[in-house]
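Let's take a friendly walk through this structure, one part at a time. Keep the 3D view open as you read.

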Amino acid sequence: MDFRLGPNADALRAEVAAFMEDFLTPERVESYYRSGVSHDPAFTQELIARGWFAAGWSKEEGGSERDPLEMHVFMEELMRHDAPTYANGVSLQVAKAITYGGSELLRREIVPKILRAEVICALGFSEPGAGSDVANAQLRATRDGDDWLINGSKMFTTNAHLADYIFVLTRSNPDVPKHKGLTMFLVPTDSPGFEYQAVYTVSGERTNITFYNDVSVPDTYRIGEVDGGWRVMTAALQDEHGAAFGVRTERLLAEAEAWAQESGRIEDPDVRTRLARVAAETEVSLLLQRRAHWMTETGTVPEAEAPMAKLYSSEALVRASEDLADLMGPDALRSYFDPTAPRNGYVEHMARFALGTTIYAGTSEVQRNIIAQRGLGLPR
Amino acid sequence: MDLSLTGEQAALVAALGDLYGTHASPERVRAAEPLGFDKGLWDQLLALGLIEMAVDEDADHRASEVDLALAAEQQGRAVAPAPVIEAQVAARVLAAVGSPALEPVLAGERLVTIALHPVNGGAARAVPAAAVADDAVVFDGERLLLVPLEGARTPFENVGAQPLADVAVPADAHVLATGAEALAVHEEAVDDWLRLTAAALVGIGARALELGVAYVKERKAWGVPIGSFQSVAHNLADAATAIDGARLLAQEAAWAHDVDDPRAAELTALAFAVATEAARDASYKALHFHGGYGFTLEYDVQLYWRRARAWAAVWGEPAAAYRRAADARYGRTA
């Protein structure tokens, strides 16, 4: 056994961290927070210049061929430093899906642009009436000669207002079992009939509701087979299952520890007990995540193990943010980036941020279902 | 990163799985109650060299800390009535101070255990294995002592059916070490015990969870297996996640000790706290989902519920382990 991530990963971590600390000044991080949008073209250009943008892709495709553990370390550092990467991450995920099931046209025209960060993609999965039960999508796609007409609405299409394309899950056949009548499309956002409205969240992040009113899309913008959308979705979401929050808790703990040292509370046995508990849950979060990545790297699909990492690390972040806010007392009420807030109000921010983590990328309840069925073999 | 077992480690795990399966079956575990010691099992474990491998002078034969943690997990899975961890830790103490008392231990002639807490008021209380051992290593705050237990012990019945005893420490006990050396060796021994017991607790929790999962697949209510109810399935999914996390942490602590990682002591205390909580929670849920049957003595799950609590509590509560981890992480308070 060896719990080290290896010299390549360690070197990459140091290099990435040094860049982030230099580039991501408190002013920049505050401006991202105030805008509610996790995207900055200047930052993205810096990533491209360093070969870090499409780091997991092959060199021919414009990437730098980092292995899964290196990618894991890279993503950890992005998260630790609150880097504005959400639009980038989603766009690359869509590029994967296009490579997997897109037409020759899309693979030739769109993927290289995504890999050069010239276009941005957003996800259109959830609907006002279909969240965790995403296969219950009702947004309709109907044949119209060589084109398709799309009608309906999508919820939580984060970055729709920046995006060039939305990767949309549609109902193409209402007469078959729900998983078998879905088709995926890439919808250009300059299509007539496409509209969005901002939706603001408790954490300060902006998302959108999007409307499709007779939006016409060529058949070449279909990804995967007609009625084969579920397979494309599942493949695209494989990456999202790597979503885990151990580094968030680690950063939160570091802020709380700095507060405890500065205030002298670090001598208090109760404070020490509670900080050490968060340290334990941080370590477990990171270990569960790294196990899932190690399994992927060694050729095993972490069917129950990736959900364990997502479930545990998000729930641990909620517990830690609540408990550390309790520990700090009334000072924990002072808002993120308020000049009077201890440690920049990071604890206050995380208490709100954590709320989303047990919901998006598959709620805790969905993760528990997967663990129970695929990990423990319990009946549906 | 590599989480796989070597061929030798896999063989050790398989051999112990077989041995405990034969010599520490639930029937044998019950038969050993209330004392909590099975001499036949103990002889088998000695013959396998489980104590010797913890102290072997030949580095090629000495077990790594990861090996010992893997072995301890198997012991926990069987809730085996044999004081392997105490004997391994005590043997290491005797080796560390160069005591001739090690030889009869390795020859299987004397069973030596260790008191986890310093002597208080002339006695070491709740000493694990002291009801069946020949001697106990005891720290009195100044000196590390070797105390013959014949006539010095008062065994007591307990919830975990463990061979616990209070030990009166005579003024003229044999001195193994004094001063800073005594303190350092005892601290190291407590760390070793916490680390291996964490692994054993993972085994207890993992096996309890298996019993619970098997039961909820079979048992029907309202015409369906109760494991299909989300209130049942989700609780077991949480327990499975916690057990996996505790196992990874216990193994990381063992690995950290093997490679002299500076976080070894902190990870050890954290592993003990996390494994205690995970094993207690898993065994509680597994018992609870057996319904009324889980509350009877006839089902095996109660064996696990009792030991998940008792094996940890002879040292202390999780909060104490978190404070110990904080001492390693932040330095001790003034």
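## Before we start

Here is a term you will need: two residues are in contact if their C-beta atoms, placed from the backbone, lie within 7 Å. Please also keep in mind that this is a predicted model.

## The four-stranded sheet of chain B

Start with an open sheet in chain B, built from 4 strands in the order 1-3-4-7 with mixed pairing. Which strands stand at the edges? They are strand 1 (112-114) and strand 7 (174-178) of chain B; each has a single partner strand, so one side of each is left without a neighbour in the sheet. On average, neighbouring strands of this sheet are turned by 25° against each other, direction ignored.

Now look at strand 3 (residues 135-139) and strand 4 (residues 143-148) of chain B, which pair in the antiparallel sense over 5 bridges. To find one such pair of residues, pick B:Val138: its bridge partner in strand 4 of chain B is B:Leu145.

## Helices on that sheet

Helix 5 (residues 84-96) of chain B lies across strand 1 and strand 3 of chain B. Its direction is at about 95° to strand 1 of chain B.

Helix 7 (residues 179-218) of chain B also packs on the sheet, where it touches strand 1, strand 3, strand 4 and strand 7 of chain B. The direction of helix 7 makes about 95° with that of strand 7 of chain B.

## The three-stranded sheet of chain B

Chain B has another open sheet, in which 3 strands follow the order 2-6-5 and the pairing is antiparallel. Strand 2 (123-127) and strand 5 (153-155) of chain B are at its edges; because each has a single partner strand, one side of each is left without a neighbour in the sheet. Here neighbouring strands are turned by 15° against each other on average, direction ignored.

Strand 5 of chain B pairs with strand 6 (residues 165-168) of chain B in the antiparallel sense, over 3 bridges. You can trace this pairing from B:Arg153 to B:Val167, its bridge partner in strand 6 of chain B.

## Where the chains meet

How many residues does each chain bring to the contact? Chain A brings 36 residues and chain B brings 35 residues. On the side of chain A that touches chain B, helix 9 (269-297), helix 10 (305-328) and helix 12 (364-375) of chain A each supply at least two residues. Helix 9 of chain A gives the most to this side, with 15 residues.

What kinds of residues make up this side of chain A? By class, there are 22 nonpolar, 3 polar and 11 charged residues.

How values were computed. Residues numbered from 1 in each chain as written. Chains lettered and ligands numbered in written order. Predicted model: local features only at pLDDT ≥ 70, side-chain atom pairs only at ≥ 80, totals over all residues. Pairing = 2+ DSSP bridges. Axes fitted to C-alpha atoms, helices over the stretch in contact; angles between N-to-C directions. Nonpolar A, V, L, I, M, F, W, Y, C, P; charged D, E, K, R; others polar.
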